[in-house]
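Here is a walk through one model, from single residues up to domains. Have the structure open and follow along.

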Amino acid sequence: MHIYRGNIHMHTRHSDGTGEVEDLIAAARKARLDFIILSDHNILLDQSGEGWRQGILTLIDSEINDDDLQPPGNHCLTLGLRHDVTPHARDPQGLIDAVRDQGGLTFLAHPIDKPGPLSADVYPWQTWNVEGYTGVELWNFMSEFRPYATSKAQALLVGFFPHYFTTGPFPEMLAKWDTLLQGRPTPAIGGSDAHALVFRLGPIRRRFLSYLNCFRAVNTYILTRTPLTGDLALDRAQVYEALGHGRAWIGYDRVAPSHGFRFHAEAGDGAVAQMGDQLHGQGPVDLTVRLDRPGHIRLIRAGQGVVAAQQGDRLRFATDRPGAYRVEVWMTRWGKPRGWIFSNAIYLVG
Ligand SMILES: [Zn+2]
Ligand SMILES: [Zn+2]
């Protein structure tokens, strides 16, 4: 398996961000990413801009939202697009179906969203009776800040020193995901929702949560069966295949890069499952987690909670109970525990 690290969910000045595509690519180079996936609101930018640009696999997709919805919400990351799906913005099920018809993926963006003292606006997913979407954006880096910004001065602190505040996905979102995982395989991704907004406080006018800041934070790591080749069509397909299958994990890179993370399951007959896979069969299965530096490892069975925990760089757990098993790794940094790694699930099928 080959590991690539990318940032998903970002906005240029063509919707409500402030930068150009070139600014995103420059920041991605500095952050040493392998790929980025653009997602401007309700527009599909010219996809002739896709390709390996300055060493970054640059993919152009959309975030589709119904601007008339009151209260607002239902933002959907539509990935692997070939045609603009903005005409379906007011019909979430029609949108999901239209994206799937063109072989694309739909991830519900910031499905659980929380207001803050300065900003009551929230954009949660609302239409939960939709079917056939790919998965969820488990951790939206930007959403987390709203509740922390309790005053304008505090907002400034949050904007410039986000690592002192950032903790992890909302607990309610993790719980929601566990509920979804008990129903069907549900891949998860992390999104930065980078806008590079400009903050104004009196005479101060500064860009905060820059693209670079965001690209050094919540990233999504994918596993591919063969190395990326430099060919856009082949590599694009590999990235979406990994994301759509859930052969991926979310890494919070302000804590540390997580290229050394491994999580797999092995059955008694030697069959091995990676994240996103289903493992069929009888008898005990060994679940193994490995890290390249110590952390607080939690193995979670969706619906049951933590079934094993270990401080260190390795965890092994044998079980014959079917279910969706996933891993969280936490580390104490800047005075409190920070979510470092959130894996996709391995599905043990009895
Ligand atoms: Zn959004
Ligand atoms: Zn967004």
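## Around Asp-286

Leaving out neighbours up to four places away in sequence, Asp-286 is in contact with Ala-265, Glu-266, Arg-316 and Ala-318; contact here means that the C-beta atoms, placed from the backbone, lie within 7 Å. Ala-318 is 32 residues from Asp-286 in sequence, yet their C-alpha atoms are 4.5 Å apart in space. Asp-286 sits in strand β16. Helices (H or I, at least four residues) and strands (E, at least two) are DSSP runs, numbered from the N terminus. Asp-286 counts as partly exposed because it has 14 C-beta neighbours inside 10 Å. The scale goes like this: 20 or more other C-beta atoms within 10 Å of a residue's own makes it buried, 12 or fewer makes it exposed, and anything in between is partly exposed, with C-beta atoms placed from the backbone.

A word on the ground rules: this is a predicted model, where local features need pLDDT of at least 70, side-chain atom pairs count only at pLDDT 80 or more, and totals for chains, interfaces and linings use all residues. Residues are numbered from 1 along each chain as its sequence is written, while chains are lettered from A and ligands numbered from 1 in the order in which they are written.

Gly-191 is part of strand β8, and it counts as buried because it has 28 C-beta neighbours inside 10 Å. Beyond residues up to four places away in sequence, Gly-191 touches Ile-8, His-9, Leu-77, Ala-109, Glu-137, Asn-140, Phe-141 and Val-218. Arg-314 is another story: 123 residues along the chain from Gly-191, with 27 Å between the two C-alpha atoms.

Asp-193 belongs to the loop between β8 and β9 (198–201). With 24 C-beta neighbours inside 10 Å, Asp-193 counts as buried, and it has a positive phi of about 55° although it is not a glycine.

Most residues other than glycine have a negative phi, and most peptide bonds are trans. Asn-42 has a phi near 50°, positive in a residue other than glycine. Look for Asn-42 in the loop between β2 (35–41) and β3 (51–53); its 17 C-beta neighbours inside 10 Å make it partly exposed.

Then there's the peptide bond from Gln-70 to Pro-71, which is cis, with omega near -5°. Pro-71 is in the loop between β4 (56–64) and β5 (76–79).

## Two helices with a buried side

Helix α4 (residues 171–183) has 13 residues, so at 1.5 Å a residue it should span 18 Å, and its end C-alpha atoms agree at 19 Å apart. That expected span is 1.5 Å times one less than the number of residues. The buried residues in α4 are Met-173, Leu-174, Lys-176, Trp-177, Leu-180 and Leu-181. They cover an arc of only 160° around the axis, which puts them on the same side of α4; the arc is that of the directions from the helix axis to the C-beta atoms. Their packing partners are β7 (135–140), β8 (188–191) and β18 (323–333). On the face turned away from the buried side, α4 carries the exposed residues Pro-171, Thr-179 and Gly-183.

Helix α3 (residues 152–160) has Ala-155, Val-158 and Gly-159 as its buried residues. They span an arc of only 100° around the axis, so they are on the same side of α3.

## Domains and core

The chain is divided into domain 1 (2–252) and domain 2 (262–349), with bounds from an automatic or database domain assignment. Their centres, taken over C-alpha atoms, are 25 Å apart. Where they meet, 23 residues of domain 1 are in contact with 16 residues of domain 2. On the domain 1 side, β7, α4 and β12 (248–252) each give two or more residues, and β12 has the largest share, five residues.

The largest nonpolar core has 95 residues, and Leu-24, Ala-28, Phe-35, Ile-36, Leu-138, Leu-243 and Ile-346 have the most contacts inside it. Such a core is a set of buried Ala, Val, Leu, Ile, Met, Phe, Trp, Tyr and Cys residues joined through C-beta atoms within 7 Å. Strand β16 (residues 285–301) gives the largest share of this core, seven residues. Both domain 1 and domain 2 give residues to this core, so it lies between them.

How values were computed. Contact = placed C-beta atoms within 7 Å.
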